[in-house]
Amino acid sequence: IFNLSGVALYQSRILNETIVNQETLAAMEDRLDDAVKLILPGMPLDVVAYGCTSASMVIGSLRIQEICQKAKPGVFVTNPFLAALESLHTMEISRIALITPYLDDINQQMRSYFEKEGIEVSAIASFNVEDDNRVGRIAPESIESVAYDIGKQSSVEGVFIACTNLRIAERVHFLEKKLGKPVTSSNHAMAWHALHLAGISHDQSGWGSLFDLTP
């Protein structure tokens, strides 16, 4: 997605526990500032993208923006949950199938947050995994199979696959062809949003219908 002329991607890691729950997600708030400061110290950035969907929901997009802009003044800020909302509204999707790796309390919180933003969660499927190390080992084929099974329901207009640790962005284009419906994921939506915030236009094919649209 970022293999574009003039685009550079720099990364920093933020300490997080392997067990994903409300407490461990909230704990990342105090560690975010240092993680952002590690990226090209003293150099300007166009966009900072905070890559944790569930923590973005728990901490909140406004607080994440405040922390990132304190570390890197003037930078645009996105995160997977904010990018998901932007992408779904841009694709004019109001009823989604939500696929996650999370336990039920996080799933239900995510459902509630989507519905507050006018997006009905018509169906949820979850791998119910609390250990983030195991989440990263969920096969893309398994994710795609679940997304297809739940996404083909008549009440579903589009599919959102939550969690930056689920490897599915490269399969979005193929999943859309099978389903005949729009699909996006945490990494997929966040990459799209970050590129547009940076003012980057692109004509890459093979990344799904979202990449034909502008927020």
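# Asking how we know

Guide: In this predicted model, four strands make up an open sheet, ordered E4-E3-E5-E6, with parallel pairing. Its edge strands are E4 (120–126) and E6 (183–185).

Visitor: What makes strand E4 and strand E6 edge strands?

Guide: Each of them pairs on one side only. As for the angles, neighbouring strands of this sheet are turned by 20 degrees against each other on average, direction ignored.

Visitor: How do you know that E3 and E5 pair?

Guide: Count the bridges! Two strands pair if there are at least two bridges between them. Four bridges join E3 to strand E5 (residues 158–161), so the two count as paired, and they run parallel. Within E5, glycine 158 is the residue that stands opposite isoleucine 96.

Visitor: Which helix packs on the sheet, and which strands does this helix touch?

Guide: That's helix H6 (residues 104–116), and the strands touched are E3, E4 and E5. The direction of H6 makes about 160 degrees with that of E4.

Visitor: What makes the pair of threonine 100 and tyrosine 102 a polar contact?

Guide: The cut-off for N or O atoms is 3.5 Å. Here a polar atom of the threonine 100 side chain lies 3.0 Å from the backbone nitrogen of tyrosine 102, so the distance is within that limit.

Visitor: And alanine 194, why does that residue count as buried?

Guide: Same test: alanine 194 is at 10% relative accessibility, and the limit is under 20%, so alanine 194 counts as buried. Alanine 194 lies in helix H10 (residues 186–197). Leaving aside neighbours within four places in sequence, alanine 194 is in contact with Val47 and Thr78. Alanine 194 and asparagine 79 are 115 residues apart in sequence, yet their C-alpha atoms are 8.8 Å apart in space.

Visitor: Which residues touch the most other members of the largest nonpolar core?

Guide: Ile96, Phe114, Val159 and Ile161 do, in a core of 61 residues. Take isoleucine 161: among its contacts, leaving aside neighbours within four places in sequence, are Ile99, Leu166 and Val183. In soluble globular proteins, nonpolar side chains tend to be buried together.

Terms used
Residues numbered from 1 in each chain as written. Predicted model: local features only at pLDDT ≥ 70, side-chain atom pairs only at ≥ 80, totals over all residues. Heavy atoms only, no water. Polar contact = N/O pair within 3.5 Å; in protein donor to acceptor, adjacent residues only side chain to side chain. Buried < 20%, exposed > 50% of the residue type's maximum accessible area, 1.4 Å probe, protein only. Contact = heavy atoms within 4.5 Å. Axes fitted to C-alpha atoms, helices over the stretch in contact; angles between N-to-C directions. Core = buried A, V, L, I, M, F, W, Y, C linked by side-chain atoms within 4.5 Å.
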